[in-house]
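Please work through the following exercises with the sequence and the model at hand. Each task is followed by a solution in steps.

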Amino acid sequence: METETRAVDRAVAAVSEVPYRGENGRAVRQTTPAEVIARHLRLFDVRPGMRVLEVGTGSGYSAALLSELVGPSGEVVSVDVEASLVERARDVHRRTGRHNITSVTGDGFAGHTPAAPFDRVVGWTTPPLLPRAWLEQTRPGGVVLAPVPCAPMLYSTVMLRTLVADDHTPVDASAHRGQYVPMRTAAVPSAGLIEASRPREGGGEFYLSAPWLRGRGGELAEEVFSRLLAAPHSEPFDEKWPEVEHLKTWLMAGGVEHLSVAGIGRETAIGITTPDSVGLAVLFPETRFLADSGRSPALAQLHALIRRWREAARPRVEDLVPRFEEAAEGWRLRLAPPA
Ligand SMILES: C[S@@+](CC[C@H](N)C(=O)[O-])C[C@H]1O[C@@H](n2cnc3c(N)ncnc32)[C@H](O)[C@@H]1O
């Protein structure tokens, strides 16, 4: 790990973001902060001479870091669905003298068969599940790093690191903090994770992503919704980032009935919503609690869950145990709380 950290730090120091992102990061719409990319590259164990596939070219910056890590004897293949981004990144790589990167336009859910096999595959955009193609195109013993949902609800992405077994199945997997934009792919039907939504006066949206409400009809959703919108009770919540991300993922791993993610205009919350009570922990951009009343049973349940998380020594995303459900296109990830 120590060598990996040093190699990634050296790559970050060697690559200027400016030609990729432009002054003030304004050149491309889609960007991931350099420190997030570096944190994830530290999990990736990329060494000189390797062949790496990345899905989600964006500005081209992450490919430049990978290009440093694999060195002149290695190769990076970078795929994006947006042709204009691919052309732009190709041009910047040429101007900055990076000749070990091949830029390709396409749906990266399918990997890139013509250049397979790879030693490493990384996604910088979130597919609906861990794509089978990524593991099939990785050599046994190689590593796949992929942001994938860990629950059938919005905002449940974790960065999954998995070794690839001899039969190209995931093995020795671990989960880490991470959120990337959803992948645009027609390869898997989109899951439709929002049960109710309404535009919000003055911009933004109210929505509810709640597996327990799925297929139960609009009336129930409307009832939850009017309680959510009425929400007169607010109280302070003293957890901050990144702790709340660990808490959020632990809640999602717990199989809690009535667990829901809510968008409240510009705020994102997780908590309990039932037809007759609402208790939410607002996580973003500031932390606080929100409920339909100070005596809300849902709020009491949420407080009890958070107490349990604290008593269990505040399990982190990395402590949760990956479990896979196999599907035709790949593997759905579920996380279990630590034993
Ligand atoms: C967060 S950005 C990537 C940032 C990039 N790694 C960088 O260093 O700037 C996500 C990218 O994934 C791309 N993307 C979305 N769906 C895709 C798909 N199905 N295949 C390949 N790329 C996709 C988007 O066009 C976007 O450029």
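**Exercise 1.** Determine whether F237 is buried or exposed, and do likewise for F289.

*Solution.* Buried means under 20% relative accessible area, exposed over 50%, and partly exposed in between (1.4 Å probe, protein chains only). F237 has a relative accessible area of 4% and is therefore buried. F289, at 4% relative accessibility, is buried as well. The model is predicted: local features need pLDDT of at least 70, side-chain atom pairs count only at pLDDT 80 or more, and totals for chains, interfaces and linings use all residues. Residues are numbered from 1 along each chain as its sequence is written, and side-chain values use heavy atoms, with hydrogens and water left out.

**Exercise 2.** Classify the aromatic pair that F237 and F289 form.

*Solution.* Rings of Phe, Tyr and Trp (its six-membered ring) pair if their centres lie within 6.5 Å; planes under 30 degrees apart count as stacked, over 60 as edge-to-face and the rest as tilted. The count by this rule is two aromatic pairs. F237 lies in the loop between β11 (233-236) and α8 (243-253) and F289 in strand β15 (residues 288-291), so the pair ties together parts that are 52 residues apart in sequence. Helices (H or I, at least four residues) and strands (E, at least two) are DSSP runs, numbered from the N terminus.

**Exercise 3.** State where H40 lies and which residues it contacts beyond its neighbours within four places in sequence.

*Solution.* H40 belongs to helix α3 (residues 34-41). Its relative accessible area is 0%, so H40 is buried. With contact meaning heavy atoms within 4.5 Å, and neighbours within four places in sequence left aside, H40 touches W124, L145, M159, R177, G178 and Y180.
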